[in-house]
Amino acid sequence: MRVDRLNVALGNRAVLQGVTFAVAPFEFVAICGPNGAGKTTLLRALAGLLPGGRPQPRDVAYLPQGARCAWAMTVRQVTALGRIPHGDQNPAAIEAALTACGVQALADRRVDQISGGQARRAMLARAWAGQPKTLLLDEPIADLDPSAAHEVMALMAGFAQAGGAVVAVLHALDLAAQYATRMVVMENGSIVANTSPALALPAAAASFGMDLRAETALLLRPKQTKDEAA
Amino acid sequence: MKLAVVAIVVLAGLSLLLGAAGFGLPDADILWQLRVPRTALALLVGAGLGISGAVLQGVLRNPLADPGFLGIGGCAALGAVIAFYWGFTAAFPLALPLSGFLGATLGCVALLLVFSRAQSGPGLILAGVGVSALAAAALSLLLSAAPNPFALYEITFWLMGGLQDRTLMHLGLAAVPIILGCAVLLRLGPGLDALSLGEEAAASLGAPVARTLQLAVLGVALSVGTGAAVAGGIGFVGLVVPHLLRPWVGQRPGALLWPSVLGGAALLLAADMCARAAPLLLPLAAEPRLGVLTALLGAPFLVVAARRVAP
């Protein structure tokens, strides 16, 4: 999946200027940069949602920023919406998505009666259920607590390791550096860095007009089990 | 679902037996000229209102959406009032529903023209608010300059909605557009399901968002506009029916369509039977207006539903 020298204007403001971007299987690309840099527009272009674009619903699942379900459906019903492109209710795919996203136990709960982190995972399960090759996620961890954010990041990393491609807009640079395989930094509608997270971090910090500190003390991470520690 | 069909058949049977003279089997003339058209119209108009409410709530992702939002009913009322105003109704009995239908059609065209510029839920609401405000203003203008007090009385009476003295001609006029409108709306299920995730996510799922919205406007205009043309202003049915049904059939908007057709039909027929029975049971000089009854029955249901929805 790729876009070549993409220019997008909203009114007379250029939102994207000559952006070229591609993503391959096994990649988890984090798109970072300040608000208004064009991250969401790039994601929408990849999803085929810009004028003249064509969505590929069977291959690409897109989760917009702050995605939620308007009705108080159950987690299983929301997940089943991911089967719309296939026009079926494939129960195996739906159960697999529920399990993969860790919401199997909540399957019959209503999405308005579970926590924000659980609801976000339910939305991910919806994207998962369509068995896409590519996940496009706009700020999927924006409103999650640290532990839920780590869980969702691990979920996306797992999807890429299994041969899928993930493109996610992320503001949490530390999490992006920890889980993503590549980091794209955008500023004013252009890509200013596109490399491994470790190399792209200084550019990402600079895009916010900030410096990267050399020492990074007291970062949160998921608890290690005894086996992993050994 | 089976239960609903049985309930409608029973209600319709009782409705044929219920008339101004009391309860019992009437002669064939009364049966065919009055009871059958009235019963069938109540079922048709109610079905159109019920599914229109379900579709609009689904399209706009808002449980407060009502077919009245789009102003199509207001345009039908305007057309009808114009027919009253210039005395067409005295010359030609079908002038009233026909001009109401014409008003609804013009309102639908205006709505689609305004709406084609901004094809999204908020755009639809704004277009509807504009159309209904314009219709209401024109209606007030005509009412304030009514030629004589009697015309004013008759217009106000008509605006309250009712199915008294409707004939087979009314039924013939209304049946095809309402059924067509319902058929258009019944096909929107998958699009509405996708839209519950928002317009962008729905588009990424391959749902034809703009087309779903346009067909929703068309179907609602056909069924609600025709309903208003033959029955006057009847509110609350489209708003209340989906609310009543959600606890039974679930929240998925696509699953709500057929039940809303049946629920709307049953509710309006029941309300019309209450209207007919009221003078027999209560010391009333005339039937209460149907539009007034649906509001009286609908509002308390809505209050209960609101208490349940509130977090």
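The legends below go with several close-up views of a predicted model. Local features need pLDDT of at least 70 and side-chain atom pairs count only at pLDDT 80 or more, while totals for chains, interfaces and linings use all residues. Residues are numbered from 1 along each chain as its sequence is written, and chains are lettered from A in the order in which they are written.

**View 1. Chain B as a whole.** Here you're looking at 14 helices and two strands; helices (H or I, at least four residues) and strands (E, at least two) are DSSP runs, numbered from the N terminus. The C-alpha atoms of chain B fill a box of roughly 60 × 45 × 35 Å along the principal axes. For 311 residues, a compact globule would have a radius of gyration near 19 Å, and chain B agrees, with 19 Å. That radius is taken over C-alpha atoms, and the globule rule is 2.2 Å times the number of residues to the power 0.38.

**View 2. Leu49(B) and its neighbours.** Leu49(B) sits in helix α2 (residues 28-60) of chain B. Why does Leu49(B) count as buried? Because it has 36 C-beta neighbours inside 10 Å; buried takes 20 or more other C-beta atoms within 10 Å, exposed 12 or fewer, and partly exposed is in between, with C-beta atoms placed from the backbone. Leaving aside residues up to four places away in sequence, Leu49(B) touches several others, including Pro67(B), Val224(B), Ile234(B) and Leu268(B). Touching, or contact, puts the C-beta atoms, placed from the backbone, within 7 Å. Ala228(B) is 179 residues from Leu49(B) in sequence, yet their C-alpha atoms are 9.7 Å apart.

**View 3. Where chain B meets chain A.** On this interface, 17 residues of chain B are in contact with 16 residues of chain A. Helices α9 (189-195) and α10 (199-204) of chain B each give two or more residues to the chain B side, and α10(B) has the largest share, four residues. That side divides into eight nonpolar, five polar and four charged residues. Ala, Val, Leu, Ile, Met, Phe, Trp, Tyr, Cys and Pro count as nonpolar, Asp, Glu, Lys and Arg as charged, and the others, Gly among them, as polar.

**View 4. The two domains of chain A.** Domain 1 covers 1-59 + 133-212 and domain 2 covers 67-132, with bounds from an automatic or database domain assignment. Their C-alpha centres lie 23 Å apart. Across the join, 14 residues of domain 1 are in contact with 12 of domain 2.

Conventions
Two residues are in contact if their C-beta atoms, placed from the backbone, lie within 7 Å.
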